[in-house]
Amino acid sequence: MIKRLGDVLGVQSLPASTAASEANGSTHQLTNEDIERILADPGAYFEALGRPRWTCSVCGTTYNGVVMRNPALPGGLFVVKPPVKGHCPQCEEAEFRKRQEQREREEKRRVADLFLRWSDIGPSYLRCTFDNFEPRKGTRAALEAARAFAERLRRGEDGGRWLLLFGDPGCGKTHLGMAIRNAAEEAGLLAIATTQPHILKEIQASWRRRPADASPDDRSEDWMLEKLQQARFLLLDDLGPWREWADHVMFTIIDGRYRNYRPTVFTSNYTPEELEQIMGRRLWSRFAARTEMVPVTATDYRIEVERQQLRGGGSG
């Protein structure tokens, strides 16, 4: 049975905005003294109104409701009742944020997987880490630079820096680039990895795609360029020459990431001097200003491993 508010507070009048008065049906304006008592103990006020104070068993938040003085309102008070017991706004908001973050993580992974499927990097590189990278002569500087880059990225201290790993095929450039990419994804970032030849091929294919052929992934040129410019991390593998039609594509990607301070790793079989000639002065100015360029002088790991396997198979 709900007590009369006057009994709870020790007064004889009720707030006109929230409760009925005595049996004669009249209502009464609270005095300043009554209002001060309500403000001093809002919990008792809400107990009398049938919405008692309670504490959430999950997060420990106690809900009394809110009572504030406002002479312009009936009763002289502004009242926000506590939530119904069991419906904790703090927990509900936390659960909503958790679901939203989960959807964002799934969307990041979906986009990253999509670009990876388009490239020829291959799913085996998803297992690349710094720990399973085999250091060899000519890889030390690149390994240290890649580790430092990944650590700055993890701490959010990358400053939009770029890294170029250049050297002959098979020297470990892509492994190190993917190790950075995988570390970025583990940190919850949208980390895209693709190759220059294959992204250009996919963009060119989008020109021939009819609207009726559109997939849930969209895959329009604008969609791809937007993701490549805005992704928190991008590994662009096999940077090298491109045809004239792709000038605007490469400029859009590199300039967009430059302007937005997006950390980027490039790998290439070409030297910085050769890349300068490929890019031209305008694009090279942006690239060179932001990029740490590290040579990888190791020999071809694929050939070395294959030869070892052949020798092992021939013995015994």
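**Close-up 1. Strands β6 and β7 pair in this predicted model.** Strand β6 (residues 191–195) and strand β7 (residues 233–237) run parallel, joined by 5 bridges.

**Close-up 2. Strand β6 is mostly covered.** Of its 5 residues, 5 are buried. Look at which way they point. Ala191, Ala193 and Thr195 face one way from β6. Ile192 and Thr194 face the other way. Residues on both sides are buried.

**Close-up 3. Helix α7 meets helix α8.** Helix α7 covers residues 196–208, and helix α8 covers residues 221–230. Their axes come within 9 Å and cross at roughly 150°. Angles over 145 degrees count as roughly antiparallel, so that is how α7 lies to α8. From α7, the contact uses Ile199, Glu202, Ile203, Ser206 and Trp207. From α8, Glu221, Met224, Leu225 and Leu228 take part. By class, this contact has 6 nonpolar, 1 polar and 2 charged residues.

**Close-up 4. Helix α9 meets helix α10.** Helix α9 spans residues 247–259, and helix α10 spans residues 272–290. The two axes come within 10 Å and cross at roughly 30°. Angles under 35 degrees count as roughly parallel, so α9 and α10 are roughly parallel to each other. Their crossing is left-handed. Met250, Phe251, Ile254, Asp255, Arg257, Tyr258 and Arg259 make the contact from α9. Their counterparts in α10 are Met279, Arg282, Leu283, Arg286, Ala289 and Arg290. Sorted by class, the contact of α9 with α10 holds 7 nonpolar, no polar and 6 charged residues.

Definitions and conventions:
Residues are numbered from 1 along each chain as its sequence is written. This is a predicted model: local features need pLDDT of at least 70, side-chain atom pairs count only at pLDDT 80 or more; totals for chains, interfaces and linings use all residues. Side-chain values use heavy atoms; hydrogens and water are left out. Axes are lines fitted to C-alpha atoms, for helices over the stretch in contact, and angles run from 0 to 180 degrees between N-to-C directions. Helices (H or I, at least four residues) and strands (E, at least two) are DSSP runs, numbered from the N terminus. Angles under 35 degrees count as roughly parallel, over 145 as roughly antiparallel, 65 to 115 as roughly perpendicular and the rest as oblique. A crossing is left-handed if the near helix is turned anticlockwise from the far one by less than a right angle, and right-handed if clockwise. Contact means heavy atoms within 4.5 Å. Ala, Val, Leu, Ile, Met, Phe, Trp, Tyr, Cys and Pro count as nonpolar, Asp, Glu, Lys and Arg as charged, and the others, Gly among them, as polar. Buried means under 20% relative accessible area, exposed over 50%, partly exposed in between (1.4 Å probe, protein chains only). Two strands pair if DSSP finds at least two bridges between them.
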